[in-house]
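Here is a friendly walk through a two-chain model, written for someone who likes to know which residues touch which. Have the structure open as you read.

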Amino acid sequence: MEVDRELVEAAQAGDRWALEELVRRTHRSVYTCALRLVGNPDDAADVTQDVYLRVVRKLGGFRHEASFSTWLNRVTTNVAMSTLKRRTRRFAVEGAAVPADTPDPAPDPAERAEAVALARRLELLVAGLPEGQRQVLVLRDVYGQSTEEVANAMGLTPGAVKVRLFRARERLKAELEATEGGQVVALAGRRRATGRRS
Amino acid sequence: MTSCHNIRPLLPARAEELTLFEVRARAEHVAECARCATEAAAYSRLGQALAVMANLEVDPADGTLERVLVAIGRRRTGVTDPRLLAAAGASGALVATVVVARAVRSRRRSRRRPTSGPWRRLRLPNLPVPAPALARAK
């Protein structure tokens with residue numbers, strides 16, 4: 001999700017077109033994050049709308065200390081967690097994640113293709129994790145929030161976050177190896193072999 | 001060397017989630033244990049793939065974007081600076097106070113007037129008053 005600072009500043013100054021363009025550029029990312037956290041498409045759409053209503057209210061207070069996408073992710077996390085506290089969860093995996101094509105920072109095209117393919121398979125496995133484990137894993141490992149940030153967002157202690165994170169990673173790796181025939185291990189082995197050659 | 005049993009709980013963790021002692025113990029063990037090295041590498045790749053997921057996006061259902069745009073169009077004020085919003089809010093409160101005060105004052109005044117009441121509003125035309133019959137007989 002790339003957002004120009006100029007676009008954000010124009011939206012902050014009250015430019016209607018800039019605000020709408022900001023929504024157009026970021027809504028898929030916000031929806032994806034919301035879907036990963038709340039676990040179903042209907043709630044994710046509601047969260048997406050609530051996120052932008054909050055963005056409209058709070059955008060004036062955004063001081064560019066962090067990147068806009070980081071700030072938006074935090075807003076999304078807070079709105080999603082508030083939504084989950086209000087509602088009982090209806091269902092989990094249905095409708096989850098059919099990722100579109102996206103860029104990937106891996107330099108080697110073959111590695112990049114493998115990583116994207118693996119990430120797509122992971123998307124479904126992540127959606128199938130228990131809710132608490134999934135949320136911790138998504139916030140920490142997908143969106144890179146710190147353990148303390150995750151604990152604050154979820155109302156947990158950092159220790160509880162670490163326990164859930166450990167279980168989620170362990171379970172995810174086991175499920176991935178079971179469904180893909182140990183592809184993660186194979187990739188790791190291939191990477192190590194490549195590293196030794198170079 | 002630390003045993004596999006002690007190191008296994010550390011394998012899924014990122015380095016920044018461990019103490020320096022744990023990081024060192026894991027590194028030393030993994031350097032000499034092929035099985036744990038394979039596990040550690042698998043977790044490392046898993047972590048990289050999860051980080052890639054941040055760049056993958058899911059298409060929302062049709063109409064989601066339009067719904068959001070309509071919602072923010074209703075809510076949007078055009079002014080997002082909190083200082084301006086605070087000034088606007090204070091001005092609005094002042095105007096509201098003045099309006100309410102004037103309304104209360106005019107209501108008090110209208111209560112003091114005895115002429116209020118629907119029957120008082122009717123004005124009779126200026127008709128000649130008929131003389132009493134006794135006066136006419138005189």
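## A crossing between the chains

Helix α6 of chain A and helix α3 of chain B (residues 34-53) cross at roughly 90 degrees, and their axes come within 8 Å. Helices here are DSSP runs of H or I with at least four residues, numbered from the N terminus; axes are lines fitted to C-alpha atoms over the stretch in contact, with angles from 0 to 180 degrees between N-to-C directions. Because angles of 65 to 115 degrees count as roughly perpendicular, α6(A) and α3(B) are described that way.

Leu137(A), Asp141(A) and Val142(A) of α6(A) meet Leu50(B), Ala51(B) and Met53(B) of α3(B), where contact means heavy atoms within 4.5 Å. Five of these residues are nonpolar, none polar and one charged. (Ala, Val, Leu, Ile, Met, Phe, Trp, Tyr, Cys and Pro count as nonpolar, Asp, Glu, Lys and Arg as charged, the others, Gly among them, as polar.)

## How the model is read

This is a predicted model, in which local features need pLDDT of at least 70 and side-chain atom pairs pLDDT 80 or more, while totals for chains, interfaces and linings use all residues. Residues are numbered from 1 along each chain as its sequence is written, chains are lettered from A in the order in which they are written, and side-chain values use heavy atoms, leaving out hydrogens and water.

## The whole interface

In total, 65 residues of chain A contact 41 residues of chain B. The two chains bury about 4,900 Å² between them, 63% of it on carbon and sulfur atoms; this is the accessible area (1.4 Å probe) lost on being put together, summed over both parts. On the chain A side, Arg28(A), Arg169(A) and Lys173(A) lose the most area to chain B, together 12% of what that side buries.

Eight salt bridges link chain A and chain B, each a side-chain nitrogen of Lys or Arg within 4 Å of a carboxyl oxygen of Asp or Glu. In one of them Asp141(A) pairs with Arg14(B), with the closest N and O atoms 3.1 Å apart. Helix α2(A) gives the largest share of the chain A side, 12 residues. By class, that side has 34 nonpolar, 10 polar and 21 charged residues.

## Inside chain A

Helices α4 (residues 68-86) and α7 (residues 147-154) of chain A pack at an angle of about 35 degrees, their axes 9 Å apart. Among the residues making this contact are Arg74(A) and Met81(A) of α4(A) and Glu149(A) of α7(A).

Technical notes
Helices (H or I, at least four residues) and strands (E, at least two) are DSSP runs, numbered from the N terminus. Angles under 35 degrees count as roughly parallel, over 145 as roughly antiparallel, 65 to 115 as roughly perpendicular and the rest as oblique.
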